[in-house]
Amino acid sequence: MNFTIRLVLICLILPFMLNGQESPDWASPIDHPIRLAGTFGELRNNHFHTGIDIKSSKGTVGDAIYSVEEGKIRRLRVSAGSYGNTIYIDHPSGHTSVYAHLDSFEPRLQDIVKSIQYATKSFEIDTILLDQEIRIARRERIGTMGNSGRSYGPHLHFEIRDTESEIPINPLKYGYNIGDKLSPKVEYVLANILDNTLQKQSTKKIILRGEKGNYKATQDTVFISAWRVGLGVYVRDLMTGVYNKNGIYSATLLVDDQSVFSFSMDSVSFDEFRYLNAHIDYEHYTQSKHRAHLLYKKPGNRAGIYEPMGDEHSAIIKLYAEKPRKVEIILKDYDGNESHIHMLLARAKKMKDYEPVAFNYKMEHSQINIINQTQFIANFPETSFYETTLLSVHSANEKEKNYKSPVVHLGKSSQAIHGMYDLLIRPSAVDSAMMKKYVIAACNKNKYENYGGKWNGEYIQAKINKLGSYVVLIDTLPPTIQVGRFSSTVKKGSRIQFKIYDEMESKGQAKELDYRATINGKWVLFSYDLKSKTISAKVDEHWPKGKSTFKLEVMDDRGNTSAYTKEVLIQ
């Protein structure tokens with residue numbers, strides 16, 4: 001189905017779908033009080049958070065995890081990154097509950113997972129249980145809280161989805177009482193100075209004073225050298241009993257007492273969640289690492305979290321020298337705690353001249369854009385840009401002995417882009433013996449990221465998800481294997497550990513490291529933790545007693561392989 005049509009249908013159907021379902025009061029997935037390390041819709045790296053992160057009782061792995069309602073296990077997933085160890089349970093209400101980053105599955109589930117891993121000879125699995133009906137009771141134990149996958153501390157990532165559409169819904173709608181009494185903490189407001197085409201020319205940071213939910217600008221009237229501005233706010237939610245600073249639930253902008261912009265985090269489709277980069281001030285984020293909510297909507301932003309209010313320009317604030325505009329921003333968490341920001345904005349009498357942006361390509365939102373130069377081609381789908389974007393584009397020969405093409409400079413890494421685009425670069429010369437080793441790599445301050453690539457005529461072609469600088473390299477370096485824990489004599493029940501990594505980190509559609517471990521030629525299971533670049537195994541019944549030969553092979557995206565062999569006595 002066409003993406004635009006599908007997204008429109010989701011936006012039209014979802015409110016009726018959610019209103020038509022009664023929100024049940026479900027059981028808690030844990031034994032201790034729910035405390036959150038992350039909220040639904042929170043601003044994350046390239047996406048809105050699609051669940052809540054529930055903290056462990058003591059800051060360690062191992063807390064029991066329970067099904068929140070009766071149902072059937074539909075899916076079991078094990079991943080080195082992403083959600084790690086995950087269980088998906090379908091419920092009679094038409095919802096699916098998701099439990100991610102688990103440390104372990106309950107024994108009957110672990111047996112199923114392990115049998116699939118040995119049958120497929122793969123640590124990573126993603127299995128839909130069509131032939132097996134595994135019924136689960138309300139509050140039945142299903143696993144333990146962990147830190148697997150792309151997790152940086154013990155917690156449970158918990159989701160509720162509509163089963164049919166798989167759209168995540170805010171779990172706090174389902175009877176979970178957090179007992180939060182604290183209002184969001186506002187750090188500052190951004191006033192983005194816009195020209196008559198709504199291109200950002202500059203930004204003024206507005207410093208605030210106040211606390212406990214009431215904030216004002218430090219000046220009675222804030223004067224800005226601009227004809228019009230779009231606002232942003234950097235805010236984080238405080239929560240009773242925890243030190244974490246989480247995401248807010250909703251924001252509303254009022255200008256002269258009229259509501260002109262509002263969003264709320266009730267549901268976020270996976271088709272939409274990368275629109276985070278249109279929702280935040282992306283340029284400000286690349287400079288400060290602060291994700292500030294924009295309080296106006298860019299024309300190419302198709303996220304469904306916004307309330308319709310007039311046209312797309314209704315939240316752009318026109319400034320007058322003699323008539324200050326009254327501005328109020330209301331920020332809420334899910335428990336209804338509010339913070340209010342009050343200020344007056346006016347145009348400064350002395351206006352600044354802003355330097356025009358240097359560019360040679362004007363990229364329009366909601367249409368296909370193609371850059372075709374002698375050494376490279378860039379094909380951008382119609383959803384790539386959130387607004388009219390001015391790019392400075394060129395290629396240059398740079399004196400690096402490993403470069404196999406000119407360096408292609410596509411705009412700035414501080415300019416946001418949505419999803420993937422196709423980049424094709426023509427190498428300066430081709431070594432026919434090395435055809436399989438060519439890659440497109442991002443150049444980031446002497447650090448290279450491998451986007452892989454395939455031949456398309458005279459070009460290397462790869463899927464890219466950022467603007468910036470790219471070049472063709474030949475990758476012939478094999479991965480590194482470091483022995484972490486492995487003696488010549490091992491006992492049943494002990495653990496073996498290695499660290500594996502490559503010179504270049506894989507990005508885009510480039511494959512992560514692949515590995516294969518064998519004992520006397522037979523495959524044995526090693527788990528993989530991508531964030532720590534660690535693989536480990538428990539010496540179990542698949543490791544025969546006596547003298548054996550262990551071998552580990554690790555392969556990168558271009559087929560470069562490293563091997564480690566050891567004679568070992570298994571007791």
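Ser82 counts as partly exposed, at 32% relative accessibility; on this scale buried means under 20% relative accessible area, exposed over 50%, and partly exposed in between, with a 1.4 Å probe and protein chains only. You will find Ser82 in the loop between strand E6 (71–78) and strand E7 (85–90). Helices (H or I, at least four residues) and strands (E, at least two) are DSSP runs, numbered from the N terminus. The backbone of Ser82 deserves a look too: its phi is positive, about 50°, although Ser82 is not a glycine. Most residues other than glycine have a negative phi.

Before going on, a word on what you are looking at. This is a predicted model, in which local features need pLDDT of at least 70 and side-chain atom pairs count only at pLDDT 80 or more, while totals for chains, interfaces and linings use all residues. Residues are numbered from 1 along each chain as its sequence is written, and side-chain values use heavy atoms, with hydrogens and water left out.

Lys289 also has a positive phi without being a glycine, with a value near 65°. This lysine lies in the loop between H4 and strand E22 (293–294), and Lys289 is exposed, with a relative accessible area of 56%.

Helix H4 leads us to the second largest pocket. That pocket has a volume of about 1100 Å³ and is lined by 41 residues, with Gln199, Lys200, Glu283, Glu387 and Gln415 nearest its centre. Two or more lining residues come from each of strand E15 (185–194), strand E16 (200–211), helix H4 (282–288) and strand E29 (389–391). Sorted by class, the lining of this pocket has 16 nonpolar, 15 polar and 10 charged residues. Here Ala, Val, Leu, Ile, Met, Phe, Trp, Tyr, Cys and Pro count as nonpolar, Asp, Glu, Lys and Arg as charged, and the others, Gly among them, as polar.

How are such spaces found? Rolling a probe the size of a water molecule over the atoms shows where empty space is left. On a 1 Å grid over the protein atoms alone, a cavity is a set of points where a 1.4 Å probe fits but cannot get out, whereas a pocket is an open set with protein on both sides within 12 Å along at least five of seven lines; lining residues have an atom within 4 Å of a point. Grid points are joined across faces, edges and corners, and a volume is the space filled by probe spheres set on the points.

How many cavities of 30 Å³ or more are there? The count comes to two. The largest cavity has a volume of about 120 Å³. Its lining is made of 15 residues, and Thr39, Leu172, Asp237, Asp333 and Tyr334 lie nearest its centre. Eight of the lining residues of the largest cavity are nonpolar, three are polar and four are charged. The second largest cavity, at about 40 Å³, is lined by Asn46, Arg274, Asn277, Tyr282, Ala416, Ile417, Asn465 and Lys466.

Now to the charged pairs. Side chains of opposite charge can pair when their charged atoms come close. With a salt bridge taken as a side-chain nitrogen of Lys or Arg within 4 Å of a carboxyl oxygen of Asp or Glu, the count comes to 27 salt bridges. One of them joins Glu140 and Arg108, at 2.9 Å from N to O. Glu140 lies in the loop between strand E11 (134–136) and strand E12 (141–144) and Arg108 in helix H2 (residues 107–120), so the pair ties together parts that are 32 residues apart in sequence. Glu140 is partly exposed, with a relative accessible area of 27%, and Arg108 is partly exposed at 42%.

Lys332 and Glu338 form another salt bridge, their closest N and O atoms being 3.6 Å apart. Lys332 is partly exposed at 30% relative accessibility, and Glu338 is partly exposed at 33%. Salt bridges that share partners also join Glu42, Arg44 and Asp53 into one network.

Finally, turn to an open sheet of six strands, in the order E30-E31-E37-E33-E34-E41, with mixed pairing; two strands pair if DSSP finds at least two bridges between them. Strand E30 (393–396) and strand E41 (505–506) stand at the edges with a single partner strand each, so one side of each is left without a neighbour in the sheet. Further in the order, strand E31 (residues 407–410) and strand E37 (residues 468–474) run antiparallel and are joined by three bridges. Val408 has Tyr470 in E37 as its bridge partner.
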